[in-house]
Amino acid sequence: MSDVRQHADDIHEQFSDHLDVDVEDVEERLTTLVDEYKVPMDEARRSVTNHYLEEAGLEREDISSGDSEAATIEEVDEPEEWIDLTAKVIELWDPRSDSVAQVGLLGDPTGTIKFTKWAKSELPALEEGGVYELRNVVTDEYQGRYSVKLNSTTVIEERDEDLEVGNDTSEIEGALVDMQSGSGLIKRCPEEDCTRVLQNGRCNEHGEGEGEFDLRIKAVVDDGIDAHEVIFDKDATEDLTGLSLEEAKDMAMDALDTTVVADEIRADIVGTYYRIEGPTFGRYVLADDVEELDGPADAEELLIKARSM
Ligand SMILES: [Zn+2]
């Protein structure tokens, strides 16, 4: 069987329950892209798959790739991969949207990863502390942060055993040396499942929108050896600054300008020493536990450590 035919077969298989389409039709579309337009095969596959998704009125999560492979959380480094995970539910969070049935954090011996379970997938509820074999979940990436989506093709099997969860949390001790743009009082896209930060009132995906206010800090913390990018979510920002989202909104309203909030926060935190602990997501550390320090905890020790590296 030719390479193109094999890929066509794969795609055809994915849509066999959803569309009345010939494998020849799939093959022809692939061939056109690859031969005439010189599109690389994986891109051609994506494009042809998208075409049929649209035709069937489906989301990518609705179709199975049919060839998910067992993986560990540490191995997740690509979006849109179909994998099988055995993981423990470490935490369940409150879904931000009705389309999400459950959202939270999964862990295995190699690390932790966020998961989202769609409401329309009608999967059984996962319980905090439960260990599950999750077959056919699809990976996703947003701003260097990976997650997995449980979808209507996912098979969940509860395991009657405990699973040790690897510690991929970071602890950083150092000076907060910079606060990046996109910090302070921000607006997020109100579209379901989006929550992207609006830039000049626009969402990259959904265009102009009203947006919902949120508080966030993206900071750079220097531990004397490396600079780490740390994200403080609303709760962490409120804890760190003592400024609540409501107070921040009032400040911005009085000044007719949202940037006053970032300015105030910047003045408050830049140059301060912190000990920050939290999970690592891609290049970011999410500030979970923050303690303000008087100064360099032990400048001498840091220096010796720096020299030895
Ligand atoms: Zn959006």
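In what sense, left-handed or right-handed, does helix 1 pass helix 3? Helix 1 passes helix 3 in a right-handed crossing, where right-handed means that the near helix is turned clockwise from the far one by less than a right angle, and left-handed that the turn is anticlockwise.

The structure is a predicted model, in which local features need pLDDT of at least 70 and side-chain atom pairs count only at pLDDT 80 or more, while totals for chains, interfaces and linings use all residues. Residues are numbered from 1 along each chain as its sequence is written, and side-chain values use heavy atoms, with hydrogens and water left out.

An automatic or database domain assignment divides the chain into domain 1 (3-58), domain 2 (69-159) and domain 3 (169-292). The centres of domain 1 and domain 2, taken over C-alpha atoms, are separated by 27 Å.

Helices (DSSP runs of H or I, at least four residues) and strands (E, at least two) are numbered from the N terminus. Axes are lines fitted to C-alpha atoms, for helices over the stretch in contact, and angles run from 0 to 180 degrees between N-to-C directions. Helix 1 and helix 3 pack at an angle of about 30°, and their axes are 11 Å apart. The two are therefore roughly parallel to each other, a term for angles under 35 degrees; over 145 is roughly antiparallel, 65 to 115 roughly perpendicular, and the rest oblique. In this contact (heavy atoms within 4.5 Å), Val4, His7, Asp10, Ile11, Gln14 and Phe15 of helix 1 face Met41, Arg45, Val48, Thr49, Tyr52 and Leu53 of helix 3. These residues divide into 7 nonpolar, 3 polar and 2 charged, with Ala, Val, Leu, Ile, Met, Phe, Trp, Tyr, Cys and Pro counted as nonpolar, Asp, Glu, Lys and Arg as charged, and the others, Gly among them, as polar.

The axes of helix 1 (residues 3-15) and helix 2 (residues 23-36) come within 8 Å and cross at roughly 125°; these helices are therefore oblique to each other. Their crossing is right-handed. Residues of helix 1 in the contact include Val4, His7 and Ile11, and those of helix 2 include Val23, Val26 and Leu30. By class, this contact has 6 nonpolar, 3 polar and 4 charged residues.

Helix 2 and helix 3 (residues 41-56) have axes that come within 9 Å and cross at roughly 135°, and are therefore oblique to each other. This crossing, too, is right-handed. Among the residues that meet are Val26, Leu30 and Leu33 in helix 2 and Met41, Ala44 and Val48 in helix 3. The contact of helix 2 with helix 3 has 8 nonpolar, 2 polar and 3 charged residues.

Elsewhere, Thr153 lies in the loop between strand 6 (145-150) and strand 7 (155-159). The Thr153 side chain makes polar contacts with the side chains of Asn136 (3.2 Å) and Asn151 (2.5 Å). A polar contact is a pair of N or O atoms within 3.5 Å; within protein, one must be able to donate a hydrogen and the other to accept it, and residues adjacent in sequence count only if both atoms are side-chain atoms.
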